[in-house]
Amino acid sequence: MSPPVIELHLTVNGESRTFLTQINRSLFDVLRAEGYVDVKNGCLNGDCGSCAVLLNGRPVLGCLVMAPHCEGGEVVTAAGLGRPGDLHPLQEAFLDTGAVQCGFCTPGMLIVAKHLIDTNPDPSEEEIAAALAGNLCRCTGYVKIIDGVKEAARRMRASKARSKARGRRRS
């Protein structure tokens, strides 16, 4: 006998979606089945971080979160951070610093880095390394990834400062 099928309501990358899925499926399973290929399958047991997404603003490993527990939630995948021609500063900084090699770990790294910078706009190198500790990369040795996160944080702080300055001039 197959597990029961449920209707799952999520907002994924800003789009309201309804999925039909078996009750025993993970968030990773649901997202991949629906074509969200930026959520990667690295290990399916929570060791690599490749399937990381933001769920209600917090990073989670999609392979470890059961889909029914996400009902009504907001999910952001790496593709939801920016779009071609309008990349998120993290995506741009990863490209500019060479933080992307094979690209397999990159979506999970971007998700974790986004949460880090959202909660700590000026992270130290040690804080970045600690935040990324659950994400495995076999290509880069992490130096370029840490450089990319530092550069993105710098750019985001500079952008925020420019916006504040513009706001003060208008007042």
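By class, eight nonpolar, two polar and two charged residues make up the lining of the largest pocket. The model is predicted. The volume of this pocket is about 230 Å³. Its lining includes the cysteines Cys-43, Cys-48, Cys-102, Cys-105, Cys-137 and Cys-139. Gly-42, Asp-47, Ser-50, Phe-104, Leu-136 and Arg-138 also line the largest pocket.

The second largest pocket holds about 170 Å³ of space. Asp-38, Ala-78, Ala-79, Gln-91, Phe-94, Leu-95, Val-100, Gly-103, Thr-106, Pro-107 and Leu-110 form its lining. Two or more of these residues come from each of H2 and H3. The lining of the second largest pocket divides into seven nonpolar residues, three polar and one charged.

Helix H3 covers residues 106-119. Its 14 residues should span 20 Å at 1.5 Å a residue. The end C-alpha atoms of H3 are 20 Å apart, which agrees with that expectation. Of the 14 residues of H3, 12 are buried, so the helix is largely enclosed by the rest of the structure. The buried residues run through Thr-106, Pro-107, Gly-108, Met-109, Leu-110, Ile-111, Val-112, Ala-113, Lys-114, His-115, Leu-116 and Ile-117.

Asn-13 sits in the loop between strand S1 (5-12) and S2. The relative accessibility of Asn-13 is 19%; the cut-off for buried is under 20%, so Asn-13 counts as buried. Asn-13 and Thr-77 are 64 residues apart along the chain, yet their C-alpha atoms are separated by 6.5 Å. A polar atom of the Asn-13 side chain lies 2.8 Å from the backbone nitrogen of Thr-77. Beyond neighbours within four places in sequence, Asn-13 is in contact with Tyr-36, Val-75, Val-76, Thr-77, Ala-79, Gly-80 and Arg-83. One of these contacts, Ala-79, also lines the second largest pocket.

Thr-21 belongs to strand S2, residues 15-22. At 8% relative accessibility, Thr-21 counts as buried. With neighbours within four places in sequence set aside, Thr-21 is in contact with Pro-4, Val-5, Ile-6, Leu-8 and Val-30.

Methods. Residues numbered from 1 in each chain as written. Predicted model: local features only at pLDDT ≥ 70, side-chain atom pairs only at ≥ 80, totals over all residues. Heavy atoms only, no water. Helix = DSSP H or I, 4+ residues; strand = E, 2+ residues; numbered from the N terminus. Buried < 20%, exposed > 50% of the residue type's maximum accessible area, 1.4 Å probe, protein only. Contact = heavy atoms within 4.5 Å. Expected span 1.5 Å × (residues − 1). Polar contact = N/O pair within 3.5 Å; in protein donor to acceptor, adjacent residues only side chain to side chain. 1 Å grid on protein atoms, 1.4 Å probe; cavity = no way out; pocket = protein on both sides within 12 Å on 5 of 7 lines; lining within 4 Å. Points joined across faces, edges and corners; volume = space filled by probe spheres on them. Nonpolar A, V, L, I, M, F, W, Y, C, P; charged D, E, K, R; others polar.
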